Amino acid sequence: MKFAVTSKGDSKSDKLVDVIKTYLLDFELEYDEEEPDIVISVGGDGTLLYAFHRYSSRLDKTAFVGMHTGHLGFYADWTPDALEKLVIAVAKTSYKPVEYPLLEVVVHYQGEEKATRYLALNESTVKSIEGTFVMDVEIKGEHFERFRGDGLCISTPSGSTAYNKALGGAIVHPSLEAIQLAEMASINNRVFRTVGSPLILPAHHTCVLKPVNGQKFQISVDHLTLLHKEVKSIQYRVADEKIRFARYRSFPFWKRVHDSFISE
Ligand code: NAP
Ligand code: MN
């Protein structure tokens, strides 16, 4: 089996990466940064987001596992004290694959055939660069609402505990194939009206945003934020691809939610 290890870049994570690498090489696993079967990310959830994007072109061939060196993470749910247990599990046992849904983002531009496609593990947000953010929101090909406000956030189930949660979105179990649309400070009065609640869409219900005011938008995909000009539409749906986690022991999602947000 070929493995890679990624680090948050701080000295604690770098040291753990060295230890993991040494152990796994001793167990005669092959280190392959280009084409790993398993990627161990050490740091935080952000570190696993980076690892996901680094290997997003080979999701069908790579499994992920995360260790946290700061607070408990949703993706990074192994503690450094369990390092030896994890290393032995990776080297000597087979894992239970657990798959989580991803978000597909397709940006179309004015007068261009070519579109840009991204995959998000957490979410994609859209905000205006100048002036009020005004978007026509279409769901499954039908006009739903004209949104005015700060922006919109479309998240995956596993991303629902991140930015989406701060916006008052629901926490969605990652076994559900869905995406969630959450509002950022919508303008609601007698003239302007939005639904006001987060919406959870099933797989294959595409959500399309069409700019009404301006064409320049700041579009984020997880930690990456880019300025897009001449935007014609942004299309969101549950991606065909999934991320696969290597599960060696049970740590149920609701327990991770409890331990992260209520108490350990
Ligand atoms: P960051 O600024 O370090 O991330 C913000 C926090 O979100 C960190 O504590 C991070 O955990 C945590 N986080 C990431 N994914 C999560 C998940 N799926 N569930 C629960 N918490 C999660 O930046 P980053 O590490 O590059 O992460 C990028 C993410 O930050 C974005 O995808 C977005 O979700 C989030 N974000 C949140 C807000 C907000 O809540 N208002 C605003 C902007 C961005 P670690 O410390 O373990 O990395
Ligand atoms: Mn982070």
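Biologist: How are residues, chains and ligands labelled, and what pLDDT do local features need?
Modeller: Residues count from 1 along each chain as its sequence is written, while chains are lettered from A and ligands numbered from 1 in the order written. In this predicted model side-chain atom pairs count only at pLDDT 80 or more, totals for chains, interfaces and linings use all residues, and local features need pLDDT of at least 70.

Biologist: Which helix gives the most to the shell around ligand 1?
Modeller: Helices are DSSP runs of H or I with at least four residues, strands runs of E with at least two, both numbered from the N terminus. Helix 2 (45-54) and helix 4 (163-166) each supply at least two shell residues. The most, 3 residues, comes from helix 2.

Biologist: Which residues come nearest to ligand 1?
Modeller: A residue is near if its C-beta atom, placed from the backbone, lies within 6 Å. There are 18 residues around ligand 1. Those that come nearest are Gly 44, Gly 46, Ala 162, Ala 166 and His 223.

Biologist: Which domains each give the shell around ligand 1 at least three residues?
Modeller: Domain bounds come from an automatic or database assignment. The shell draws at least three residues from each of domain 1 (2-95 + 248-261) and domain 2 (101-240).

Biologist: Which are the edge strands of the open sheet of 6 strands?
Modeller: Strands pair if DSSP finds at least two bridges between them. The order is 13-12-11-8-15-16, with antiparallel pairing. Pairing on one side only marks strand 13 (199-202) and strand 16 (224-228).

Biologist: Which residue in strand 16 stands opposite Val 221?
Modeller: Strand 15 (residues 217-221) pairs with strand 16 in the antiparallel sense over 5 bridges. Opposite Val 221 stands Leu 224.
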